Amino acid sequence: MSDQFLATAGQISNDSIQVGEHRTGDAGGVGDCFPAGDAQSRFRDRIRLDGRQAKQVKPGLSGSAMVGWPSGHGSMMKRVKGYILIIGTLVMARAVIVERFAAQHDALMPNLPFVQQAASAPLAHSSLSSRADGARLASITIDYPAEGSLFPPEITAPKFLWRDGTESATLWLVDVAFSDGSAGIQAKSWGERLHIGEIDRRCIAPTNELPSLTPEQAAAHTWTPDTATWEAIKKHSTEHSATVTITGFRQTNPAEAVSRGRVVIKTSKDPVGAPIFYRDVPQIPSDHVKGVVTPLPHYALPLIAWRLRYVGEARSRLLLEGMHSCANCHSFSADGKTFGMILDGPMGDKGLYAITSIQPHMSIRKEDVISWESSRYKPLAPMRIGFMAQVSPDGQYVVSMINGAKEYDRANYYMYYTANYKDYRFVQVFYPTRGILAWYSRATGRIQPLPGADDPRYVQTDAVWSPDGKYLVFVRAEARDPYPPGWKLPEHANGPEETTIQYDLHRIPFNNGQGGRPEPIVGASHNGMSNSFPKVSPDGRWIVFVECRNGQLLRPDSQLYIVPTQGGQARRMRCNMPLMNSWHSFSPNGRWLVFSSKSRWPYTQMFLTHLDEQGNDSPPILIDEATAANRAVNIPEFVNVPLGGLLKIDVPAAEIYRLTDSGWNLAKEGQLEAAIAEWMKALELDPRDANLHNYIGAALMQEGKFDEAILHLQKALESHPDADEAHSNMGLALMQERRIAEATAHLQKALDINPANARAHFNLGYALYAAGKIPQSLAEWRIGLRIQPDVVPVLNQAAWVLATCPEASVRNGAEAVELAERAAQISGGQDPATLDALAAAYAEVGRFADAVQTAKRALRLATQQSEQDLAQALSSALTLYEAKTPLRETRSSPADFPPRR
C-alpha cells in the first residue's frame, strides 16, 4: 500500500507497485496472460470490422467481460469477416446503440460477469512499461492490495485501488493470471472514483471534521470484483500467486493501451475461523479531566456501539448500543465461554468489572458485576479503578492493574497520565504511571496482589495470560507522578509537554496466584523505546507488542513488533502502516492478527495480517465497512464462538446505573424528591441494591425524615453488611435521633471495613464529641481531614473546639487559626459560621483586632442571611473580643451540630 495513498507523514512504505518495474510471479513471469499479443492487440482484434477499425464501438460496453480469443484468432477473424458481410448492417446499428450507452456507462457497469481463458505465459514483448509497438506506457500505481498480500479464504471481495499515471485513461482492463495453470480471468472497469462512504450524522460535532480524501485518494480509481469473480480468484490463488494486471485505455481510442500496473496476491489456506468483537465509537474531543480517562463527552456515550464481524460477511452485526455508561477493555476466555469488560458505574465509579458466560443472547445483570473495592485485599487502600483487565484462558480468573498504594492523599494522588486534545484525530492519550497487578478469583470473589508484580516502586500493567494460564506477560516501568510540578497540558499527541514513560515487557509465573520473580523479555525491554500491550500467540511461541517513543497504544508513532516468548530479536512487522498501529489480537488458530490503524483515515479502521510458522506476517488487509466513515474501530478482539454463538448483548445493569446517575444529578440541584423518585425506579429493577437504599436514606436525612432514612439504611445493610458508607450514614441518622451509643458502633464498624472512609471519621468525631469525649473527637477529625482536607463543616467544627474548649489541654490556637483560615478561603469569606470560628481562633492567639474585624463581618453576613440565632451569638462574642477576652465554649458549635450532609 502506497505511503502517499495512506496520506500521513511517517516512515516510507515500499508496498506500492510502480509500472515499469519488472516483477515475476510464481509461474515464471505470468503477466498479461494473453496467448497471442498483449492487451492492446486483443483490444484491436476485438474491434476490427472487415479490415476497418470501428472507433465508435467501445470494447466491453455490451455488459460482458472481456473474452479471450483462442490461439488461432487469425482464422477466426476471417470467419468474423464473412459473418459481417451478411449482417454488417446489424453490426453498425449495434455500434450506434453501444455509443449511446457509453455516455451512460455508470448504469452499465454493475454486476459485470467474468470469463476464464486458458492460461499462458505472456510473450516476451508483453511488458509493464511498453506496448508491443515499443511505445512507452504510463505507470499505474496499485495502492491496494499491496504486493504480496495474503487474503483469508473466507473474506469478501476487496476494493482494488490504483492511480493512473496518465489522465487520458478512462477504461481499464483487469487481467488475473494464476500460477496454478488454471484459466485466467478478465474483467473491465470504468475506474469509479473512491468514495468516502456512509456518514453517521449523530457523530458530527463542532470539534471534529468529516473525513475527506487526500489528493492521492481523490486520484484513485477502484474496482471491486463481483462475488463470483472473487470466489474464482480465491479458489485459484490458494497457496499460489495470482497476478493482477490493470491496463488503461482511452475511451476515444480503445485500440491502444496507455498505462499499466501489476500486483501479485495470494489466498491463504488458513481460515480466520472466528468473528471479531470490537467497539465502534465516535471521535469527539472532550474536556480534559486530570487523571481520568474521558474518551468522549458524556452526551456521546450512548453513541458507542459494540459489533461482531465475520470476515466472510459484508457488514458487521450490531450487538449493543445506547448505554449511558462507558465500557471498555473487554476480553474473552480462550475457550469462548467467558466474557469480561470494565464497566463504569454510577457517579463515574471506574472500579467495576462485568464477567459473565457467553450466550447467543447475553445479558449483563447487576449480579454479574463485581467491584474491585468490595472484593479488595484489606491491606490495600481503596481502589476505584481497574485497567486492562484480562480473563484467564479457562475463565476462572481475571488479572488487572489496580491502585497498590496502602495510604495516599486522594486529592493529590493520580495513577494515570491523561491529556485530551482538540485535534479529533488523536483526541486523547492515557497511560498509567502507578499501579500493581492483582488477580481476582471467581471461586472466592476476592482480589489480591500478584507477588512479584506488586512492587509500588514500579507501575505494572497490561498483563495478558499465556495460552496455558501458567504465566503472565506484562509491562513495567519506574513509578512516577503523572503530573510533575510545572506540568502543562500539551496541545497535541506526542507533544514535548507529555510526561515521559517507557515500559519494558516482563514475564512472571502465575503459580496459582503466588507469582514469582519477573524477568525482562529480551528484545522488548531496555531498547530506548516504550514497549506495551503484549499479546501471546495461541501456540505460545510469539509475543506481538506495540513499540513507540512514549506511553502506549494510541500513539501516532506506534508500531507492531514480534518477538519470541522466551526473548530474542524483535522484528518490525510488515503489516505496519505509517500512522498508529495497535489494539491487536490473535485469531484462535494463531494464523491471523487483527489490529487498528489510522493510516487510511483519521477515523480508525481495522486490518488483518497473516502469520506463518516462523512469525512472518503479510501486508495489511482492510476489513471494510466495519462502521460509518466518521466513526472509529477500536479494541478488536477475536472471540472463539461459532456462527450464531453471539447475537445480542443486553446490559440491564447499565440502566440501573443510568437511573442512579439521574438521581444524583437531581440531588445536586437540590431536587431531593425527584432524586428519590429516580432511585425508587432503579430499586424496581433491583430491590436489594444496597447503594440505592443508601442514597435514598441519605436524601431522606437531608429532608429531616430520619425514621424513614433508618429503614432504608437497614435494608442496605441487610443486602450488604460490609457497606461502609451505609454504616456511616446509619451512624449519622442515629446521632440525629440522639442514639449516640448505637451511632458510635455503626461508625466504628464503617472504619473497621474501610479505614480511609473520611466521612466515617468525621461522623465518629461528632458522635464522640456529643458523648463528651473531646480529645478523641479531635483525633477523628484530624484523620478525616488528612484524607479529605477541604471539608468546610469539619474544618469549622475542629477550629471552634480548638479555640473555645474550656479545657486548656485541648485548646490549640495556632491549629485553630490554620483550619479556620483554610475554611474561610474555601468558602470565599462569605459564610458567617466560618467567619465566627475564625474570629474565635484569632481571639485565642491574642489577635483581638483581627477577631473584632472578622466578627463584625460575620455579624453583617448573618444579619443579611436572616440567621438570627447566629447573629445574636456573634454580638455576644464581639463584646468579648472588644474587651480583649477569648471566647470559651457555651454552645456546641458555630453551625448546626452535627451538620446535615
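## Cavities and a helix pair

The structure holds seven cavities of 30 Å³ or more, a cavity being a set of points, on a 1 Å grid over the protein atoms alone, where a 1.4 Å probe fits but cannot get out, with lining residues having an atom within 4 Å of a point. This is a predicted model, in which local features need pLDDT of at least 70 and side-chain atom pairs count only at pLDDT 80 or more, while totals for chains, interfaces and linings use all residues. Residues are numbered from 1 along each chain as its sequence is written, and side-chain values use heavy atoms, with hydrogens and water left out.

| Cavity | Volume | Lining |
|---|---|---|
| Largest | about 550 Å³ | 35 residues |

Elsewhere, helix H9 (residues 690–702) packs against helix H11 (residues 724–736) at an angle of about 25°, their axes being 10 Å apart, where axes are lines fitted to C-alpha atoms over the stretch in contact and angles run from 0 to 180 degrees between N-to-C directions. H9 is therefore roughly parallel to H11, a term for angles under 35 degrees. Asn-694, Ala-698 and Met-701 of H9 make the contact with Glu-725, Ala-726, Asn-729, Leu-732 and Ala-733 of H11, contact meaning heavy atoms within 4.5 Å.

Conventions. Helices (H or I, at least four residues) and strands (E, at least two) are DSSP runs, numbered from the N terminus. Angles under 35 degrees count as roughly parallel, over 145 as roughly antiparallel, 65 to 115 as roughly perpendicular and the rest as oblique. On a 1 Å grid over the protein atoms alone, a cavity is a set of points where a 1.4 Å probe fits but cannot get out, and a pocket is an open set with protein on both sides within 12 Å along at least five of seven lines; lining residues have an atom within 4 Å of a point. Grid points are joined across faces, edges and corners, and a volume is the space filled by probe spheres set on the points.
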